[in-house]
Amino acid sequence: MAESEMEAGGKRFLRQRQVLFLFVFLGGSLAGSESRRYSVAEEKERGFLIANLAKDLGMSVGELAARGAQVVSKGSKQYFQLNHQTGDLLLHEKLDREELCGPTEPCILYFQILLQNPLQFITNELQVIDVNDHSPVFFENEMQLKILESAPPGTVIPLGNAEDLDVERNSLQNYTITPNSYFHVLTHNRRDGKKYPELVLDKTLDREEQPELSLTVTALDGGSPPRSGTVQIHILVLDINDNAPEFTQSLYEVQVLENSPLNSVIVTVSASDLDTGNFGTISYAFFHVSEEIRKTFQLNPITGDIQLVKYLNFEAINTYEVDIEAKDGGGLSGKSTVIVQVVDVNDNPPELTLSSITSPIPENSPDTVVAVFSVSDLDSGDNGRMMCSIENHLPFLLKSSIENFYTLVSQGALDRESRAEYNITITVTDLGTPRLKTQHNITVLVSDVNDNAPAFTQTSYTLFVRENNSPALHIGSVSATDRDAGANAQVTYSLLPPQDPHLPLASLVSINADNGQLFALRALDYEALQALEFRVGATDRGSPALSSQALVRVLVLDANDNSPFVLYPLQNGSAPCTELVPRAAEPGYLVSKVVAVDGDSGQNAWLSYQLLKATEPGLFGVWAHNGEVRTARLLSERDAAKHRLVVLVKDNGEPPLSASVTLHVLLVDGFSQPYLPLPEAAADPAQADPLTVYLVIALASVSSLFLFSVLAFVAARLCRRGRAASLGSCSVPEGHFPGHLVDVSGTGTLSQSYQYEVCLMGGSGTSEFKFLKPILPNGLVQDAEQN
């Protein structure tokens, strides 16, 4: 019978092995298309080579390192390490299959290969192969059995089983017993796969002949070489107690929430015995249960109540199989099994594992991968299903990948000037009741890109400077700002080339490149240049650099630096012009008119006239606003014939400047009366011409003055343009007036903004003086001519 059972068991193992090989072959073909499965025996040392990932992935070691390959295990504990120099996948620590998977077979560890650029996930498996490193162990070193002597042959007595932590062939396979004439042992399989022994009585016992028996039961595993464990069985032959306790149910099944409170009764077992007295008294006890069951449950030996003495954890153990023995006073016993199903409760919040994060990220770069992370939940069912979310108002998007991996990417282009930092809260929520959630905060910085040109505070600036200013005078500032940051926001100011190529802008003004302050490089002359327009530029230091422009208008304010100049009568040191007044002139008779001009403008050029000195006060008067000299009263014979008048011409500046002119007046009885020369003039008979001659001389003087002015203007223009040989050589200073020769003290007799050119007749041996004219810079001359 034993041989037939062994033969049937061998055939069954052969069929199981064929089916196993079929599944392994099919699983290997599927893994080749999507993932790879590696295997390693347990208890291998740290650093053991599992495989070469670079070769399996079809990459070079350099490419594998360039793509930032990472090995990510499920959960927080890492079992693997990747050698980036060789591409080898190594063990990070020694693996214990029994600790990792317990009785589960095959023992599979899942891990992912994470590659960047582009982002790629490759799921792989590692099967931990069991080695025969555990021997079968009985829970008791000795067992005591009481068997009625009336027990018939074939009576089966269940024995406590042994446990072997190994699996498959290395696990416990069968039990044997030392040869004897009364018993043999059978090996049976429970529904959970465990094997337990049963002692079978071969012939009737005789207490009087042999009251006690000692046997040795051996548990063998299938390893090579096999390991074993033994237990001693002491059998007491009892007098007849012909009724053993019987449970009301041979199998109890109960479901218990994992968060059930301690000391709560989860189930009550019950058995009865038809015997009376001591043989009918029943006590309950655990029957060869594991240490974990003894720590978790407590059995009341009298009532049969099973209480919870340790908190349950569905994620660690979800099913308990507890054997209960009911024993009467005569030593007979019955057996029942309690199956405790632990019901999952949502007591584990989701976990988030961050694999990589990129910060800062450049602005104006859409669809940038910011973070890669995975989520997990130890619960099961809806309690273990999760969903991820972020705030709706953020410009970021969560994208789901394989195996609960997610990527956080930017949605659209970011603008650092609007917002330079984002605090992103990733919320992972399970679908259990109540829902549990985990939040993880990520700070993402946005780096600057030079996308904003400097902006001036004004599109145009108007600055005022008074003429005759000191050189290097600060006349104003321009200002521009840049919304960028760092070097992209550092602004440099510069003068742009003027539209008028003849304008010597670089010699007139300068700008501080760092702060935009404008300076007048030399003294300005309002009479030569009233306004100056130019453009300034502001350029940042980004790459490429951005710039903007603004218009600057400098208005020169007039200063009272020009005295009135008398045009008539001429004061050239020659013979003075004498005005003739008839003695019969009425009061208010126009004697002469003083004509003067002022080079300034505004109130600085408003002229007033007054009689400063007269030979006979009260005889003549000067109109203050037009310079007309008129008689103040009737003339008489007592009035002197010759009069000298000094007229003062004064402007309205602050302080006022003035000039004086002398008039000579001759009173005559009639215009036919000969002209009497003044004492200051030398006697000349030719001056005694009639009155007509004097009028002709006056007219000729005015005409000569006009002609001289025209010739001087033409000569100056010709001298500047060609310096023609027919006019001789003209020496004209060129370039800017040297800075060390400029009069900046204000005490010189000439304005510091003037230069002079002297033209000499080239053919004159005596270097005859021709004319004297102020020279202005080209741009100033043109502006003066236009004005």
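The following questions and answers examine a predicted model. Residues are numbered from 1 along each chain as its sequence is written. In this predicted model, local features need pLDDT of at least 70 and side-chain atom pairs count only at pLDDT 80 or more, while totals for chains, interfaces and linings use all residues; side-chain values use heavy atoms, with hydrogens and water left out.

Q: Which residues of strand E4 point to the buried face?
A: Strands are DSSP runs of at least two residues, numbered from the N terminus, and E4 covers residues 80-83. Buried means under 20% relative accessible area, exposed over 50% and partly exposed in between, with a 1.4 Å probe and protein chains only.

Q: Is His-288 buried or exposed?
A: His-288 lies in the loop between strand E21 (283-286) and helix H5 (291-296), a helix being a DSSP run (H or I) of at least four residues. Its phi is near 50°, a positive value in a residue other than glycine. Because its relative accessibility is 16%, His-288 counts as buried.

Q: What is the omega of the cis peptide bond between Thr-433 and Pro-434?
A: Most residues other than glycine have a negative phi, and most peptide bonds are trans. Pro-434 lies in the loop between strand E32 (421-430) and strand E33 (437-447). The bond that joins Thr-433 to Pro-434 is cis, with an omega of about -5°.

Q: Which residues have the most contacts inside the largest nonpolar core?
A: A nonpolar core is a set of buried Ala, Val, Leu, Ile, Met, Phe, Trp, Tyr and Cys residues joined through side-chain atoms within 4.5 Å. The largest one has 27 residues. Strand E41 (531-540) and strand E42 (547-557) are among the elements that each supply at least two residues of this core. Those with the most contacts inside the core are Phe-456, Val-478, Leu-532, Phe-534 and Val-552.

Q: How far apart in space are Glu-168 and Asp-130?
A: Glu-168 is found in the loop between strand E11 (162-163) and strand E12 (172-177). In sequence, Glu-168 and Asp-130 are 38 residues apart. From C-alpha to C-alpha, their separation in space is 8.3 Å.
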